[in-house]
Amino acid sequence: MSISIEAYRPIVGTQFIDELYRIADHINDRAIQHINSTPVGGGVAEILHRLVPLTNELGVKATWDVIKGSEEFFNVTKAFHNALHGSGNDITDDMFEIYRETTRDNLKSMNLYGDVIMIHDPQPAGLIAKKDEIGRKWAWRCHIDVSQPNKKLWYFLQQYVDQYHASVFSMPDFSQQLPIPQFLIAPSIDPLADKNRDLEQSFIDEIIEKYELDPDRPIITQISRYDRLKDPVGVIQAYKIVKKRYDVQLVLAGGGASDDPEGAAVLQEAQEMGAEDPDVKILLLPAYSDKEINALQRASTVVLQKSIKEGFGLTVTEAMWKRKPVIGGATGGIRKQIIDGVTGYLVHTVEGTARRIIDILNNPTMADELARNAYEHVRNNFLLTRHLKDYLLLMIALERDGSDVIEL
Amino acid sequence: MNNVFRFFTERRLVEATGLRAVTVRDMLAHLKKVGGASIFYHTHASYIEHHFVRQRFYNDFASWISGALQEHKLAEKIAGIDMLDYTTITDLRNAIIKTITQDLNERKGERARKAPPGEEFHFCKAKNFVFPTGIEARTIDEFFECLRHISPLSLYFHVFESRLRLQRTTSDFAVWLTDMGARDIAEKINRLDPYAFNLEELRERIISLYK
């Protein structure tokens, strides 16, 4: 069941929700059609499930359609995804042909009716071929970190992207040299989703008990995939430095993919490092553990995201929203969220991480201030309602090209 | 004379220009050709994004030069540019260019520092959407009461955006208060350096002038 826009009023303030209605009024009867490649699973589908009903509630017609593709096509687009991230997949001309073929099929079968058509990620990007025939305003919304894309693939995609009226990236670091406007719309979290909403203390206590944690001693937590780039090993090393003089506990929790041998190796390494210490809990959580993750974050004294490379880092956003002092690796979107010493701490090393954990343990007043600032920063910049506002503004911007100032 | 003060607000969509800098020289080259909206954005965006906290630098150029390049002297000089001295973006741009050029001339022959990978400076700009909040004041009392309730962005619009966009030497508030006969308060507002506060502090400071 979808949550009403009114439920966000106490969270983001009544003025903000009123502004959303005002902005929506200027969109008149124009409709937005979102198109992506999957109805479930993944961040894009998760966001659209929430954003589409909220847009409609504001009086702006929003719909969501999904392209069809064979397993072979989705294998190709998975390889595209990895290559856009810069990992070393071979991109072949055969892959391009499979992509073109599926695009042709979808062009024949799909009904493209929105006044604004927002295409999410590379999979449906080829639908732009219909632009000359049907007109409309087209935006390509790229959710992927394309700061260092595979060049051959990027050139292939750019022939489509260049035809759009505008593109949208999550961070300036992902922007490209393009002949079309590149809007920047940061990702967001939903404060009312299971992963972020307030929880009853009894449920948090239950989770503390389930994972045999001691609520009376500080808990240091990192929630992330078992991936070298998230540096779980570095987290354990930092914990061990702190543990010499402080009676703390460590929780590493994340999902694992059965088809990811690298992830399994990292998990095993972490387990071996923590094996001797009953205060180190290394948890492999199943999918749909959102509420448990929420509880673990809320039970924590300090939350870490000691990534070596990071796209945006929504786990950082989630912890900041829960008013936790967060220590993050100084990389990617973490640097956008953590203002060092103001909304958390940025670190570059294991030693630095340990130092900051100790600072937080010893200065609860300062930790509270960091946490308060962190919460306020997320409230202002990284909630779903801001995402919604940005999409509405984008609809207006697409209709009124040109000027840097638009009077509504 | 219009007796009603209508509070406006703004929302923005940020755009990347695709231009990025790795060294101070790159930054200087782009500063000369980038649109005025980009200069305005990088000298004002921090006030909005972090309206509740005090930052070391509100000026993105200074912040990057200090953080990514560790060129603290130049960063301080840029942050020290008195924004109130300029009523046009062109003049502000020239002041920043002059400061950087002077610094580069003084340090001729020194090896240029490069930003570490991932810490390049990305020139952005904003598309601003301006609209009325529906909040209006007809008396000075009402005006200061409204000031307590308007959003930080509305305050920002009237104090910063409106001044540089309309190329006035004063803020909207001072103009209206003068029209309403409260010249003394208007002058106090004009003497205030809004760039020295975060937006919440600025709100409190302006309200305190009417007591």
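This is a predicted model: local features need pLDDT of at least 70, side-chain atom pairs count only at pLDDT 80 or more; totals for chains, interfaces and linings use all residues.
Local features need pLDDT of at least 70, side-chain atom pairs count only at pLDDT 80 or more, and totals for chains, interfaces and linings use all residues. Residues are numbered from 1 along each chain as its sequence is written, chains are lettered from A and ligands numbered from 1 in written order, and side-chain values use heavy atoms, without hydrogens and water.

**Sheet**

Six strands of chain A form an open sheet in the order β9-β8-β7-β10-β11-β12, with parallel pairing. Strands (E, at least two residues) and helices (H or I, at least four) are DSSP runs numbered from the N terminus; pairing takes at least two DSSP bridges. β9 and β12 of chain A are the edge strands, each pairing on one side only. Neighbouring strands are turned by 20° on average, direction ignored. Axes are lines fitted to C-alpha atoms, for helices over the stretch in contact, and angles run from 0 to 180 degrees between N-to-C directions.

Helix α11 (residues 290–299) of chain A packs on the sheet and touches β7, β8, β9 and β10 of chain A. Contact means heavy atoms within 4.5 Å. The direction of α11 makes about 145° with that of β7(A).

β11 (residues 326–329) of chain A runs parallel to β12(A), joined by three bridges. G328(A) has L346(A) as its bridge partner in β12(A).

**Helix pair**

α9(A) and α10(A) pack at about 15°, axes 9 Å apart. They are therefore roughly parallel, the term for angles under 35 degrees.

| Helix | Residues | Contact residues |
|---|---|---|
| α9(A) | 232–243 | P232(A), V233(A), I236(A), Q237(A), K240(A) |
| α10(A) | 261–274 | V266(A), E269(A), A270(A), M273(A) |

Notes:
Angles under 35 degrees count as roughly parallel, over 145 as roughly antiparallel, 65 to 115 as roughly perpendicular and the rest as oblique.
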